[in-house]
Amino acid sequence: MNIEEFFQLSAGKWFSHRTSQHLAFNESENSKSDIIIETLAIDHPEVIKVCQNYKVNPSSASCATKITWNGTMDKDQAKHSGSTVLVSVPDANNPAQGKFLREIVDANKTPVAGHYKFDSDGALILTIEDETMSSEERLWFASPNLRMRVNVLKTFGGFSITSFTSEIRMGGSPPPAAKASEAANSVSS
């Protein structure tokens, strides 16, 4: 799998359930969200803006996606919503890895590019580090309509948060490649 295929397989409407553990406080919390993931053309104005913020030539990007979420936290039923744009810029020597750029929400923060790579079982590993924290997230498909994520967030002050997220595709249908794979599996059953 490559980054373009991963973004294409991720497109659609998803129901997300996240369980987070705050290690320093020995507390956990759950959240539920509706997530819409859409692929964007490299020449889309939002993609060009993200590239410009990182001083990256948009022609070096391979694909982009926009993620929009709307959900609640179980503890206090607090609402959380927002959106972000992710842009992949493959490494010229190894297209299975590269930089990922994300839309900057806080105009006072300097943009910090993350890195992506695929591990041997096809999971996407995203890492990002800045002056205050480091994050590693592993994403994979258990099936075309079930995506999993595991994240570890460490702050340099010593606080850590771990989370596990399951996402179930709710809207639309799997991409054509996934449908072909499902059909082949049902014929062989």
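This is a predicted model: local features need pLDDT of at least 70, side-chain atom pairs count only at pLDDT 80 or more; totals for chains, interfaces and linings use all residues.

Which residues of helix 2 are buried?

Author: The buried residues of helix 2 are Val 47, Val 50 and Cys 51. Looking down the axis of helix 2, you find these buried residues within an arc of 100°, so they line one face of the helix. The other side of helix 2 has Pro 45, Lys 49 and Gln 52, which are exposed.

What lies over that buried face? The cover of the buried residues of helix 2 includes strand 2, strand 3, strand 4 and strand 5. Helix 2 itself spans residues 45-53 and packs on the sheet, where it touches strand 2 (27-40), strand 3 (63-73), strand 4 (79-90) and strand 5 (97-102). The direction of helix 2 makes about 70° with that of strand 4.

Ten strands form a closed barrel, in the order 1-2-3-4-5-6-7-8-9-10, and their pairing is antiparallel. On average, neighbouring strands of this sheet are turned by 25° against each other, direction ignored. One of the pairings joins strand 8 (residues 133-143) to strand 9 (residues 146-155), antiparallel and over ten bridges. Within strand 9, Lys 154 is the bridge partner of Ser 134.

The largest nonpolar core has 17 residues, and Ile 3, Phe 6, Tyr 116, Phe 118, Leu 124 and Leu 126 have the most contacts inside it. Two or more residues each come from helix 1 (3-10), strand 2, strand 3, strand 6 (114-118), strand 7 (124-129) and strand 8. Helix 1 gives the most to this core, with four residues. Apart from this core lies another, of twelve residues, including Leu 40, Val 85, Val 87 and Val 89. As for Leu 126, its contacts beyond four places in sequence are Phe 100, His 115, Tyr 116, Ser 135, Glu 136, Glu 137 and Leu 139.

Met 170 is exposed, with a relative accessible area of 54%. Leaving out residues up to four places away in sequence, Met 170 touches Lys 13, Trp 14 and Phe 15. The C-alpha atoms of Met 170 and Ile 35 are separated by 9.4 Å, although these residues are 135 residues apart along the chain.

Terms used
Residues are numbered from 1 along each chain as its sequence is written. Side-chain values use heavy atoms; hydrogens and water are left out. Two strands pair if DSSP finds at least two bridges between them. Axes are lines fitted to C-alpha atoms, for helices over the stretch in contact, and angles run from 0 to 180 degrees between N-to-C directions. Contact means heavy atoms within 4.5 Å. Buried means under 20% relative accessible area, exposed over 50%, partly exposed in between (1.4 Å probe, protein chains only). The arc is that of the directions from the helix axis to the C-beta atoms. A nonpolar core is a set of buried Ala, Val, Leu, Ile, Met, Phe, Trp, Tyr and Cys residues joined through side-chain atoms within 4.5 Å.
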